[in-house]
Amino acid sequence: MALAAGARVGARALFRPWAWIPGAALGRTESAARGGIGSRGFGSQRVLVEPDPAAGIAVMKLKNPPVNSLSLELLTEFVISLEKLENDKTFRGIILTSDCPGVFSAGLDLMEMCGKNPAHYAEYWKAVQELWLRLYLSNLVLIAAINGASPAGGCLISLTCDYRVLADNPKYVIGLNETQLGIIAPFWFKDTLVNTIGHRASELALQLGTLFPPAEALQVGIVDKVVPEDQVQSTALSVMAQWLSIPGEERREGQPLWVLVEHARQLTKNTMRKPTADLLVKQRDSDIQNFVSFISRDSIQKSLQMYLGKLRQKRG
């Protein structure tokens, strides 16, 4: 399955003109002195953040070995770190990647969905929704540096980003493969994929639970670029520089042109994405109830237990 996030569709959807001022070295380097993040890394047990205030970006690394399963703890820590970056005036972009070799994220943590009570299932699914919403509607430029396999929830995380760079390794497959586990992808998973690769390609991929190797992922449009494995991070940084490039010192309507350009980008992103996010916002409670009802079925619990048992045997 996938992951989710909650975002504030109100003020957060509007441009913050003070977010980053080109050339204002004083404002950037003294971020920490003013209570900002500064250049020192921070994060938590499962999410590492490497900020670069001078460039206006940060690298967020998922660190929940062995496969970056989206546990309740990881989801919570991720939102906290993301909010810190969004609230700091310095940062305009985030590169999202993995600290676990060979895997970007294996998706939802099945342990959170097996053998628990309905209240826990509801809490977990709300956290999944929250992360998806927060990422999907973020004003920041988000670039996924996909340096490992990215099935199900891992794929969903990458789909919330503005641009996706995938390592050229045949083992690094990506896709929403929920049907292969006997699970139906929620409507907002489906909508995110449709918005990325189109309706017909999504229909085929979702029904078959397709996991695309790099070349096919690029062809269908689920990623934007495929590069050698040792160039994923540098390529993501290069792409980010293009997204954050400043159009000179020209002024219009009494403001630097870059302010107007950034404003236009953020509003365009919000215009494109808000209708999809609003569908979940309006049905959030019913979506949680549907998830709890589905995951609590005896047949689903038995299926999950069998699958987890097989995983333990492989590791054992």
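**Close-up views of a predicted model: two pockets and helix α11**

**View 1. The largest pocket.** The volume of the largest pocket is about 580 Å³. Its lining counts 23 residues, and Val67, Ser69, Ala106, Leu311 and Arg315 sit closest to the centre. Two elements, β7 (107–108) and α11, each give two or more residues to this lining. The model shown here and in the other views is predicted.

**View 2. Make-up of the largest pocket's lining.** Which element supplies the largest share of the lining of the largest pocket? Helix α11 does, with five residues. Sorted by class, the lining holds 15 nonpolar residues, five polar and three charged.

**View 3. Helix α11, end to end.** Helix α11 runs over residues 298–315, 18 residues in total.

**View 4. The buried side of α11.** Which residues of α11 are buried? They are Ile300, Gln301, Leu304 and Leu308. Because these residues cover an arc of only 95° around the axis, they lie on the same side of α11.

**View 5. The opposite face of α11.** Turned away from the buried side of α11 is a face that carries exposed residues. These are Asp298, Ser299, Lys302, Met306, Lys310, Gln313 and Lys314.

**View 6. The second largest pocket.** The second largest pocket has a volume of about 300 Å³. Thirteen residues line this pocket. Nearest its centre lie Cys161, Asp162, Asn195, Met272 and Arg273. Helices α5 (187–197) and α9 (257–282) are the elements that give two or more residues to the lining.

**View 7. Make-up of the second largest pocket's lining.** How many residues does α9 give to the lining of the second largest pocket? It gives four, the most of any element. By class, the lining of the second largest pocket divides into five nonpolar, three polar and five charged residues.

**View 8. The whole chain, for context.** The chain has eleven helices and 14 strands. It is 316 residues in length, and 53% of them count as buried. Take the contacts between residues at least 6 apart in sequence: 77% of them join residues at least 24 apart.

Definitions and conventions
Residues are numbered from 1 along each chain as its sequence is written. This is a predicted model: local features need pLDDT of at least 70, side-chain atom pairs count only at pLDDT 80 or more; totals for chains, interfaces and linings use all residues. Side-chain values use heavy atoms; hydrogens and water are left out. The expected span of a helix is 1.5 Å times one less than its number of residues. Buried means under 20% relative accessible area, exposed over 50%, partly exposed in between (1.4 Å probe, protein chains only). The arc is that of the directions from the helix axis to the C-beta atoms. On a 1 Å grid over the protein atoms alone, a cavity is a set of points where a 1.4 Å probe fits but cannot get out, and a pocket is an open set with protein on both sides within 12 Å along at least five of seven lines; lining residues have an atom within 4 Å of a point. Grid points are joined across faces, edges and corners, and a volume is the space filled by probe spheres set on the points. Ala, Val, Leu, Ile, Met, Phe, Trp, Tyr, Cys and Pro count as nonpolar, Asp, Glu, Lys and Arg as charged, and the others, Gly among them, as polar. Contact means heavy atoms within 4.5 Å.
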